[in-house]
Amino acid sequence: MNSNSSRGKRTSLQPMRAAGRQRVEELLEAASDLMAERGYKATTMAEIAALAGAKIGSLYRFFPNKEAVADALVQRHIVVLEDEYAALAKRAATLSPNALADVLIELLVTLHPRVKSLSALMEAQTDKMEIRDLARGHAIAGIAAALRVCAPGLNETLAKDIAAVVLNTMKVLRGMLAQDSPTTPGAPDELRRMHRLYLADRLEPFRHAPNSITDAEP
């Protein structure tokens, strides 16, 4: 039995004492660091415990398997994302498509210290694909909400399509800046320019055309 993916059906333990909560924080921080650096698949439970300075039994006491660790991380990242996207949605009505593009493309870079493993979890191949889908779904929904505030004429389906493109662009920029993706010194600025042009092209026709997408469809 692979302990990284299966260790019975026990759910994660919620610690009641301060010491237990602190230990969980340390374990999740170690897991987030490792998954951000190596990816979900390559990260092992033993490595998480070692980086956190904990015994492997302590890790399994709180999390029955690696999927439970990933699920806990996703839930924490979602809280951060929802707060950020809610704040962005309030601002989006006053932003031009170019200004919104600039804010969105930098968001993963800005939030990275708080959601280090988010990109890795979005790509995670697990027995429970809902972990990956949950991470992706919340990010797309939050971006789509901001897009629809900026461009009220967008319907939900098209907004989510555009949001998926935006999310991938955000991930590419973070990869370039972290030197994890092919890049050159001027490539990040070129990506930012491309992103502005794309969002301006897609959003402008809908800024004053609520309830209609026909005229702007390619």
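The protein contains 10 helices and zero strands, and the model described here is a predicted one. Read from one end of the sequence to the other, the secondary structure follows the pattern α-α-α-α-α-α-α-α-α-α.

**Overall fold and surface**

**Packing of helix 5 and helix 8**

- Two packed helices are described by the angle between their axes together with the distance between those axes.
- Helix 5, which covers residues 97–105, packs with helix 8, which covers residues 130–150, at an angle of about 165°, and the two axes lie 11 Å apart.
- Because angles over 145 degrees count as roughly antiparallel, helix 5 is roughly antiparallel to helix 8.
- The crossing in which helix 5 passes helix 8 is right-handed.
- On the side of helix 5, the residues that take part in the contact are Pro97, Leu100 and Leu104, and they meet Ile143, Ala146, Leu147 and Cys150 of helix 8.
- Sorted by residue class, the contact of helix 5 with helix 8 comprises seven nonpolar residues, with no polar and no charged ones.

**Ser117, a loop residue**

- Ser117 is located in the loop that runs between helix 6 (107–111) and helix 7 (118–122).
- The relative accessibility of Ser117 is 0%, so this residue counts as buried, given that the limit for buried residues is under 20% relative accessible area.
- When neighbours within four places in sequence are left aside, Ser117 is in contact with Ser32, Met35, Ala36, Leu73 and His77.

**Leu158, a helix residue**

- Leu158 belongs to helix 9, which spans residues 156–177.
- With a relative accessible area of 8%, Leu158 is buried, because this value falls under the 20% limit.
- Leu158 and Ala144 are 14 residues apart along the chain, and their C-alpha atoms are separated by 8.7 Å.

Key. Residues are numbered from 1 along each chain as its sequence is written. This is a predicted model: local features need pLDDT of at least 70, side-chain atom pairs count only at pLDDT 80 or more; totals for chains, interfaces and linings use all residues. Side-chain values use heavy atoms; hydrogens and water are left out. Helices (H or I, at least four residues) and strands (E, at least two) are DSSP runs, numbered from the N terminus. Axes are lines fitted to C-alpha atoms, for helices over the stretch in contact, and angles run from 0 to 180 degrees between N-to-C directions. Angles under 35 degrees count as roughly parallel, over 145 as roughly antiparallel, 65 to 115 as roughly perpendicular and the rest as oblique. A crossing is left-handed if the near helix is turned anticlockwise from the far one by less than a right angle, and right-handed if clockwise. Contact means heavy atoms within 4.5 Å. Ala, Val, Leu, Ile, Met, Phe, Trp, Tyr, Cys and Pro count as nonpolar, Asp, Glu, Lys and Arg as charged, and the others, Gly among them, as polar. Buried means under 20% relative accessible area, exposed over 50%, partly exposed in between (1.4 Å probe, protein chains only).
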